[in-house]
Amino acid sequence: MLPVAFMIHLAGAVMLLLWAVRMVRTGVERAHGTRLKAALRGAKGGTAQMALVGMILAVVLQSSTAVGILAAGFVTSGILTVSTGIAALLGADLGSALVVKILSFDLSGLIPLLLLVGATMFLKFEGRNIRQTGRIVLGVAFILLSLQMVGQATEPLRDSALMPGLMGYLRGDPLTAFLVAAVIAWVVHSSVATVLLFVTFASGGMLPLEVALPMVLGANLGGGIIAVWLTRGMEIEARRIPVGNLIFRGVAAALMLVVVQVVDLPVAYLGASEAVQLVNFHLGFNLVLVVLALPFVRPMARLAAILLPDPAAARADVIEPIASMLDRASVKTPAVALASAKRELLRMGETVALMYHPVMELLDGGAAEKIARVRALDSLVNRKHTEIKLFIAEVNRGALTGAEARLGTELTDFSINLEHIGNIIARSLMGLAETRARKNLRFSPEGWAEMCNLHSRVGANLQLALNVLISGDVASARQLVKEKEAMRKLERESHDRHLERLRNAHSDSIDTSDIHLETVRAFKEINSLLVTVAYPILTESGHLLESRLAQPG
């Protein structure tokens with residue numbers, strides 16, 4: 001029986017490793033997420049180029065799964081094809097193997113320096129990118145520290161009577177070792193962390209190479225399952241990418257498992273120690289897989305389409321009916337009726353959010369069927385607006401208190417604003433997406449980053465506005481109103497930078513000038529319409545004056 005202290009030590013070290021890998025990925029996404037997406041969306045030349053970009057992104061993010069999810073999102077919006085997405089994910093798997101190779105070096109001497117630099121950047125600076133870079137540096141330090149802790153925690157196992165029997169069993173049953181490793185990789189949701197654990201065990205003499213090789217192959221299979229699991233709720237096209245990658249990886253890992261058992265591989269040439277041999281075997285497996293699989297990504301895309309066919313209900317002109325929250329039986333009870341109207345208004349807002357979310361991807365990809373789907377949602381928004389407006393009008397014919405009458409007016413006004421936002425998205429922004437696609441224009445990297453930033457900001461404010469609608473919280477309402485001024489400033493800065501690029505004769509900015517300016521203006525208008533939900537709450541609480549005009553002197 002293993003002592004409790006040992007189990008706590010090992011479990012703590014493993015959790016620190018998982019958290020540190022996530023910490024690095026989060027820091028990279030927050031500091032450079034827009035640039036990373038731009039790199040992926042810009043690599044449309046061919047499967048080899050996509051594999052290279054996928055590899056680089058996986059090294060930066062320390063996660064092939066993150067690259068797979070990005071690629072899946074771009075396939076949904078029509079920016080990438082399924083075959084190029086599979087190529088990107090194959091390259092990302094090679095990139096994650098490179099991460100394992102880099103982190104397998106003895107870098108423990110750098111831990112104090114990395115902790116000092118990372119903590120200083122995160123705690124002592126206000127700039128967002130500097131703080132997130134500090135987070136990345138701290139994450140790398142914690143990865144190295146956690147690997148040290150794993151090595152220290154597993155030292156008692158070297159003399160344990162349990163280990164020889166367990167290793168002896170796994171030597172005789174490589175399939176079990178393979179499957180156990182796959183499950184471990186899926187459970188921890190990180191093939192990088194899983195392989196690093198196996199390498200650490202091997203360097204400590206606790207994991208013989210005969211057992212470690214099947215387990216590394218199993219970790220590769222588990223890494224493919226992670227992306228399939230995380231994209232299970234996405235559209236069919238998006239799900240085909242990780243499925244195609246999993247088929248490649250699963251077949252290759254299974255074949256390699258057979259080869260390892262049948263052929264005496266010259267693994268001694270891969271390094272001086274078993275740990276180095278294991279890392280290089282993992283890297284070599286992924287490199288060979290990329291080289292052999294890339295020519296077959298298009299047939300694999302067709303196979304994935306057969307395995308995951310388009311459902312009939314996925315046509316753009318089909319919208320599933322949604323039961324209304326409006327309770328006609330409560331019309332003569334205003335308090336209950338207005339509560340049901342608020343619930344239906346929230347549903348309307350959530351539908352608007354569904355329309356808004358893919359705007360940037362459609363501005364880049366311009367897939368006609370996706371644009372049609374957004375416009376179909378606008379019809380649903382318009383119908384909900386009419387139903388809410390007429391329902392509240394019917395309630396107003398009864399006997400209402402002053403507060404109930406005001407609430408009815410406020411709900412109607414916000415319904416009008418949400419309907420207007422839907423029109424802006426469906427008519428203006430989707431029209432701009434069609435224009436960009438028809439003319440095959442490209443945004444400048446700087447302009448694209450500015451628009452993505454504004455889109456993200458307004459998306460967050462949309463969720464905040466819906467929260468304010470339901471909660472009536474004064475602090476949240478104040479925050480939402482402050483966002484109006486922040487948005488005005490960002491729009492002005494983007495406008496000025498765009499004009500500067502025009503003065504510098506930046507060709508991409510010249511070609512997309514009208515689209516850029518109209519998109520930024522649309523985001524500002526949407527944000528202003530969202531802010532209106534906060535005004536009644538702040539006026540009633542005394543936090544907002546009815547008129548901002550100064551009294552005449």
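The protein has 22 helices and 0 strands. Helices here are DSSP runs of H or I with at least four residues, strands are runs of E with at least two, and both are numbered from the N terminus. What you see is a predicted model, in which local features need pLDDT of at least 70 and side-chain atom pairs count only at pLDDT 80 or more, while totals for chains, interfaces and linings use all residues. Residues are numbered from 1 along each chain as its sequence is written, and side-chain values use heavy atoms, with hydrogens and water left out.

Some totals next. Of the 553 residues, 51% are buried. Buried means under 20% relative accessible area, exposed means over 50%, and partly exposed is in between, with a 1.4 Å probe and protein chains only. The accessible surface is about 25,800 Å², and carbon and sulfur atoms hold 62% of that. Those areas come from the Shrake-Rupley method with a 1.4 Å probe, and for residues only the protein chains shown count as cover. Among contacts with a separation of 6 or more, 82% are between residues 24 or more positions apart. A contact is heavy atoms within 4.5 Å.

Now the interior. In soluble globular proteins, nonpolar side chains tend to be buried together. A nonpolar core, as used here, is a set of buried Ala, Val, Leu, Ile, Met, Phe, Trp, Tyr and Cys residues joined through side-chain atoms within 4.5 Å. The largest such core has 92 residues, and the members that touch the most others are Ile86, Leu90 and Leu278. Helix α4, residues 82-103, gives the largest share of this core, 12 residues. What does Leu90 contact, beyond its neighbours within four places in sequence? The list is Asn245, Phe248, Leu289, Val290, Ala293, Leu294 and Val297. There is also a second, separate core of 65 residues, which includes Leu362, Leu363, Leu429 and Trp448.

The buried residues of α8 are Pro174, Ala177, Phe178, Ala181, Ala182 and Ala185. They cover an arc of only 135° around the axis, so they sit on the same side of α8. That arc is taken from the directions from the helix axis to the C-beta atoms. Just after α8, His189 has a positive phi of about 55°.

On to charges. Side chains of opposite charge can pair when their charged atoms come close. The structure holds 11 salt bridges, a salt bridge being a side-chain nitrogen of Lys or Arg within 4 Å of a carboxyl oxygen of Asp or Glu.

Take Arg375 and Glu434, whose closest N and O atoms are 2.8 Å apart. Arg375 is in helix α16, residues 368-396, and Glu434 is in helix α17, so this pair ties together parts 59 residues apart in sequence. Arg375 is partly exposed at 30% relative accessible area, and Glu434 is partly exposed at 32%.

Glu485 and Arg488 make another salt bridge, with the closest N and O atoms 2.3 Å apart. These two are 3 residues apart in helix α19, residues 474-503, which puts about one helical turn between them. Glu485 is partly exposed at 45%, as is Arg488 at 34%.

Lys524 pairs with Glu491, the closest N and O atoms being 3.8 Å apart. Lys524 lies in helix α21, residues 513-531, and Glu491 in helix α19, so the bridge ties together parts 33 residues apart in sequence. Elsewhere, salt bridges that share partners join Glu450, Arg497 and Arg501 into one network.

Last, His516 and Phe443. His516 is in helix α21 and counts as buried at 2% relative accessibility. Not counting residues up to four places away in sequence, His516 touches Phe443, Gly447, Glu450, Met451, Ser494, His498 and Arg501. Glu450 and Arg501 in that list also belong to the salt-bridge network. Phe443 is in the loop between α17, residues 402-439, and α18, residues 445-471. Phe443 is buried too, with a relative accessible area of 5%. Its C-alpha atom is 8.0 Å from that of Asp511, 68 residues away along the chain.
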